[in-house]
Amino acid sequence: MNPEEQGIMLSAYLDGELDEAQRAEVEKMLESDQELAKELGGMKELGLALNRALDDEAANVDFASMREAVLREMSDIEPSRVVQRTEQPNEPKVGFWDMLRSLVERPAVAFAMGILVAGLWSNYSSVSSGTETGQPTRDSVAPASITADNVPAAPMRAPETEQSFSKASPSLVLETLSVESGKVVLDQPDDDPDAPVVLWHFSESGGEASGESPKLPAAPVEEQHNEGDPL
Amino acid sequence: MSSIEKPTDLVPRLRAGDTSAYRELMQIYERRLYAFANGILRNPDDAMDVVQDTFIRVFKSVGSFQGDAAFTSWIFRIARNLCIDRLRRKKRVQMTEFNDALKANPNALDKPALTGQASFQSPDKESLSRELGGQMLEALKVLSESHREILLLRELEGLSYGEISEILGVPSGTVMSRLFHARKKMQKTLSPYVGSNLEVGANES
């Protein structure tokens, strides 16, 4: 055992961190080596003196104002409320905005809300343009009806490409939305405001309508969603 | 002191936000934490700030305290981290000041530096006993941060190597080795006093 190893063992012996065999070994060395015994005494005294010095300094400190400062800070935080939330089995009440946020985070709900907003916007723009140009407004198309879960029934149409749809169809494109696998178009015949709104889905490949998206059936078809369907 | 509960017994009351439990816990640990922080930082104001911040952190996060962990180790780990943060901030400031001073006076490094060792030269024997405490604390400054914190956790708190290892995130073998080297360095720094005054102090107590 070299001097450093011996010192480490001695230090650990002082701290009571050696096992029985190691302790016996150190005690044997201490009996035969006076220098080692002196070193052990020095280590012990060092610890006591350090303890005394730091404790003396701490003894003169007034902790009362620190305590009050901590309590003031804690009275603002109210930790019991935070802790109880994790411990109570009952679900805490969720605020309106939290609920809305959690809903928007679901893709299906977000999509439905997007369609609703598109419908509202479309109705608003047609109302304003109609008013400006003196054209009759389309009040009969209630924006609320253009939602993902209550799109009115519409006859099946033959598949069209996006190009042919925009050029040839006498429809009014209410809104075009980009989705993961192409585009969705809200469509309504231009001359019939009472006609049902149709959702058209165009895939990215060649503009042909297809059923690539798992969320939408092959398009163009009438989208009939039941409440609770994942879009 | 007999009316004060064991720290772990206070945990449910702390979690419930019981102000009297806050007070009791502070009374148990404030002096020990202060001595520890003061030993590391060697600045009474900074040490007091660390104690205050430690308690606030403890009370804020007592909900996440795992009952199987030692409460004292947990508190000292928080205090130790706060001390380290503070030292690092100070070092950054001091380094900036040092660089600024060096720019202003490029010959500054030619002068002999005042180190902890220098203050131990030619000690007056009559004042040794009176000054011993102060010198002891000064000697702490000579130690590296890692040696200082390990020495304080052991000598002040009497924590086991396992507990120190948990607080510092190092193996027990490292604790054992660092502790020996920290003691050795302190003894060397205090060599003018060790063997005479330390023994006097021991006889007096």
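Two residues are in contact if their C-beta atoms, placed from the backbone, lie within 7 Å, and the legends below use the word in that sense for a predicted model.

Figure 1. Among contacts in chain A between residues at least 6 apart in sequence, 46% join residues at least 24 apart.

**Figure 2. The side of chain A that touches chain B.** Here 38 residues of chain A are in contact with 42 residues of chain B. On the chain A side, the elements that give two or more residues are helix 1 (3-14), helix 3 (34-59), helix 4 (64-77) and helix 5 (79-87) of chain A, and helix 3 of chain A provides the largest share, 16 residues. Sorted by class, the chain A residues on this side comprise 21 nonpolar, 7 polar and 10 charged. For the model as a whole, the scores are ipTM 0.71 and pTM 0.54.

**Figure 3. The packing of helix 2 of chain B with helix 6 of chain B.** Helix 2 (residues 19-41) of chain B packs with helix 6 (residues 145-155) of chain B at an angle of about 160 degrees, and their axes are 9 Å apart. Because angles over 145 degrees count as roughly antiparallel, helix 2 of chain B is described as roughly antiparallel to helix 6 of chain B. The crossing of helix 2 of chain B and helix 6 of chain B is right-handed. Helix 2 of chain B contributes Phe36(B), Gly39(B) and Ile40(B) to the contact, while helix 6 of chain B contributes Arg148(B), Glu149(B) and Leu152(B). By class, this contact of helix 2 of chain B with helix 6 of chain B has 3 nonpolar, 1 polar and 2 charged residues.

**Figure 4. Confidence along chain B.** The pLDDT of chain B averages 78, and 71% of the residues score at least 70. Among the elements of chain B, helix 3 (residues 44-61) of chain B has the highest mean pLDDT (94), whereas helix 9 (residues 197-204) of chain B has the lowest (39). Over residues 108-123 of chain B the pLDDT stays under 50, and for this stretch the model has 15 contacts beyond four places in sequence. The pLDDT is also below 50 over residues 196-205 of chain B, a stretch with 13 contacts in the model beyond near neighbours in sequence.

Key: Residues numbered from 1 in each chain as written. Chains lettered and ligands numbered in written order. Predicted model: local features only at pLDDT ≥ 70, side-chain atom pairs only at ≥ 80, totals over all residues. Axes fitted to C-alpha atoms, helices over the stretch in contact; angles between N-to-C directions. Helix = DSSP H or I, 4+ residues; strand = E, 2+ residues; numbered from the N terminus. Parallel < 35°, antiparallel > 145°, perpendicular 65-115°, else oblique. Left-handed = near helix turned anticlockwise from the far one by under 90°. Nonpolar A, V, L, I, M, F, W, Y, C, P; charged D, E, K, R; others polar. pLDDT = per-residue confidence, 0-100.
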